[in-house]
Amino acid sequence: MGGNQCCVINCRAACHDHGTEKPDHELSFYSFPSWRRTEGGEISDLTKRRRMAWVAAVGRPDITFAKIPVSMKVCSRHFQSGRPADEMLEDDPDWVPNVHMRPEDDADWLPNVRMKLEDDDWLPNVHIKPEAPEAVGPSPADREEEYGAEDVSGDDEDEDEERLREPTGDRQSERKSGGECGTCARRREHLNRLLAENAALHYELERCRLGEGFLEASDERVRYYTGLQCFAVLMGLLQHLLPQLQPEGAGPGEDTPPDTPTPPTPLSPFQKLFLTLARLRLDLPAAHLAHLLGVGAGEVGRAFTETLCALHGRLGPLVYWPERAWLAGGVPEPYATALCLGAGQVVALVTCLEVAIERPSSVKGREQTYSYPRRAHTMKYLLALTPQGAVAFVSRAVGGRASDLQVAESSGLLERLACGDWVLAERGFDVEEGGVGIMCAQVRNTAFGKPRLHLHVKSQEETLPRAHLRPAMQQVVSGLEGWAILDSTVPISMLFPGEKDEPPLLDKIVTVCCALLNMCPTVVEHPDQ
């Protein structure tokens, strides 16, 4: 506190005597209110009016609105409650010093000051929720009963204080009659507008941050960015992944000492899942996602890897080979009729997925991965689908130099089939553009040597009666075209195996995309539709 004496004229209250010893009385000293001009127009007008009211109430020639020394304080004896009221309670008597401020012959100074400050030109358009007059605060009589012991100036000052508590003007009359004054009505209206603007700005901020509010309003937006059907499915997937996604402010890892604080990640679990699905679905660059989320590209890369590993661990079991009895009993009628299926025989639709990669640095790597049909370096995956459109098998990656038939026989798919089963392909497998358009092969044992299953490809003459199955096969395989990252050129680093014999990142990407496809409704129409 800068000063040691109250600045009100004829007030002798001091916080210390000349010997710097604190007196026995319990007085508080309050600085003049400041004019806050950077918190909006309403707060600026309100604080300006209050500062002017305090300057007018003190009435010293050396105190002006623009120049108030720091040492100038007002003691608690000049407030009915013993302290200034809150700045928002402009109708409160203690909004301005009002007790023991002037000699008895000038007792009308406070009403005059308030009448000047209550001019309509000074009043802002503010609005608060209407309250009963009792909710504003304790009545002046109650506060007099509580703090009356501090008024020690004699009978004349008590009479002056009684006069100040008398109703002055229409505002006091409205308060006594239980009505709402104009200032409170305008203040309530303005605050309601501010609350509505705050809610709108909060929604816009959530959209800019790509949070829940960005996708919750539109299922079409969810399907475009994530490939999932609706926002409820997305939130269900998020709840399923939360145990493996590190939330904000999570504790230290296993190799981190317990006393070492872990810095909070700038991305929420929802944002991690969103950027991962958006990158799989639309192949958005890491730099673009970093600009949208307001983080660095390195943070986006780490979040993508972390979330992809969590998705692979949780959704990997969705890609599984069903029981043979279920496969045999669920073969659609067009396939069973065209292939003349016997009891217990199944049908598998296969396709070779080729993903372009960067040019390897080694000569051997370039030789193994170069695909002559694509004229690029690729990695191949064999995908087996059921006739209903579900992905049931995903092989490990093979260099693009291998033929589709070689990939199919070395992938391990034949171990899940039996002699007499059928394997159909709509693309690849040396299917000629001008020919039948599909490849039909039947699983058979080798004729010589150790029995080993292999694919016996039917000739064009044998395949021609089954060519009408091609539109249905195209409909099944078309679901794999919705993931743009599989059509891009991935970096060579995604082919490196992970720690503890984990599959490479590219294998996880292909498996997660197939699992997400299995979460969506099938694209195959029922024969009755």
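Predicted model: local features only at pLDDT ≥ 70, side-chain atom pairs only at ≥ 80, totals over all residues.

Me: OK, how many aromatic pairs does the count come to?

Reply: The count comes to 7 aromatic pairs, where rings of Phe, Tyr and Trp (its six-membered ring) pair if their centres lie within 6.5 Å, and planes under 30 degrees apart count as stacked, over 60 as edge-to-face and the rest as tilted. One of them is the tilted pair of Trp-54 and Phe-79, with 5.7 Å centre to centre and 45 degrees between the planes.

Me: Where in the chain are Trp-54 and Phe-79?

Reply: They link distant parts of the chain, being 25 residues apart: Trp-54 is in helix H1 (residues 41-58), and Phe-79 is in the loop between strand S2 (73-75) and helix H2 (109-117). Helices (H or I, at least four residues) and strands (E, at least two) are DSSP runs, numbered from the N terminus.

Me: Buried or exposed, those two?

Reply: Both Trp-54 and Phe-79 are buried, which means under 20% relative accessible area, with exposed being over 50% and partly exposed in between (1.4 Å probe, protein chains only). Ring pairs also link Trp-54 and Phe-79 with Tyr-30 and Phe-32 into a cluster.

Me: Which charged end sits over the ring of Phe-304?

Reply: That is Arg-279, 4.6 Å from the ring centre, the rule being that NZ of Lys or CZ of Arg is within 6 Å of the ring centre and within 35 degrees of the ring normal. Arg-281 lies over the face of Trp-483, 5.5 Å from the ring centre.

Me: Switching to helices, which residues of H9 meet H12?

Reply: Leu-237, His-240 and Leu-241 in H9 meet Ala-310, Leu-311, Arg-314 and Leu-315 in H12, contact being heavy atoms within 4.5 Å.

Me: And what about Thr-307, is that buried or exposed?

Reply: Thr-307, which is found in helix H12, is buried, with a relative accessible area of 0%. Leaving aside neighbours within four places in sequence, Thr-307 is in contact with Leu-245, Lys-272, Leu-273 and Thr-276.

Definitions and conventions: Residues numbered from 1 in each chain as written. Heavy atoms only, no water.
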